[in-house]
Amino acid sequence: MPATDAPTRYSRLQIVLHWLVFALIAQQYIFKDAISTAWGRVTDGLEAGFDPLVLAHVAGGALVLIFALWRLMLRARRGVLPAQEANRLQGVLAKITHVGLYALMILMPVSGSVAWFGGLQAAAQGHNVMKVILLALVALHIAGALYHQFVLRDNILARMRRAQD
Ligand code: HEM
Ligand code: HEM
């Protein structure tokens, strides 16, 4: 899409989906012990039993996948905002972080589902490696947002607060 057609702000839907995904991913980590215990039982050959927090992990993860694909579709359809970068290196770092976040918003639910529904131990191992990488990327992303906001003082948080339409 030519630069003149590029949107100047995220849409309301893009912003709502961003913060919903943030809340969903936060609960995946905060209540992680339930799924961990259930998986331990499964690998020990026992019944997992019903636990609402396990259901929340499975359903919450599935929603993250759906919302990530939806966001990618919205990006493709609306066009991408021009980067708000202080220098080339910082712009590249932000881009790599965003690509990594999107990749893991897809790979985490996929690997979790293959483990849970397919009973594949290797997928659970991959899920466990990626959970650390996702956490690191989220930390980097938040550090970047705070750096923009309080050091560069370019009010980047407004991009994820005020919608264009
Ligand atoms: C699980 C946590 C989070 C994930 C997975 C996530 C993911 C993303 C992704 C993929 C983008 C790029 C959007 C796009 O261009 O399509 C983005 C943008 C943004 N996020 Fe997050 N985010 C998270 C948490 C946060 C938090 C806690 C903050 C605030 C401190 C934040 C602030 C922002 C801002 C300001 C942008 C716009 C950046 C720009 O347009 O250059 N995010 N986020
Ligand atoms: C964005 C989506 C997801 C995130 C961020 C996430 C995050 C996590 C985290 C942090 C753990 C670690 C528990 C621990 O360290 O004790 C975990 C474990 C697990 N998750 Fe997910 N998860 C997601 C999606 C899913 C989905 C959709 C499923 C299943 C349908 C799933 C199935 C599992 C399983 C089976 C484990 C146990 C693995 C083990 O303990 O070795 N996850 N997840």
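**Around the ligands**

Guide: Of the 20 residues around ligand 1, the ones that come nearest are Phe22, Ile25, Leu101, Ala145 and Met160; a residue counts as near if its C-beta atom, placed from the backbone, lies within 6 Å of the molecule. Keep in mind that this is a predicted model, where local features need pLDDT of at least 70, side-chain atom pairs count only at pLDDT 80 or more, and totals for chains, interfaces and linings use all residues. Residues are numbered from 1 along each chain as its sequence is written, while chains are lettered from A and ligands numbered from 1 in the order in which they are written.

Helix 1 (12–30), helix 3 (52–78), helix 4 (88–118) and helix 5 (121–152) each bring at least two residues to the shell around ligand 1. Helices here are DSSP runs (H or I, at least four residues), numbered from the N terminus. By class, that ligand 1 shell holds 13 nonpolar, four polar and three charged residues; Ala, Val, Leu, Ile, Met, Phe, Trp, Tyr, Cys and Pro count as nonpolar, Asp, Glu, Lys and Arg as charged, and the others, Gly among them, as polar.

Now over to ligand 2: 24 residues surround it, with Lys32, Ser36, Trp39, Gly61 and Gly112 the closest. Helix 1, helix 2 (32–43), helix 3, helix 4 and helix 5 each give two or more residues to this shell, and helix 4 gives the most, with seven. The ligand 2 shell splits into 14 nonpolar, eight polar and two charged residues.
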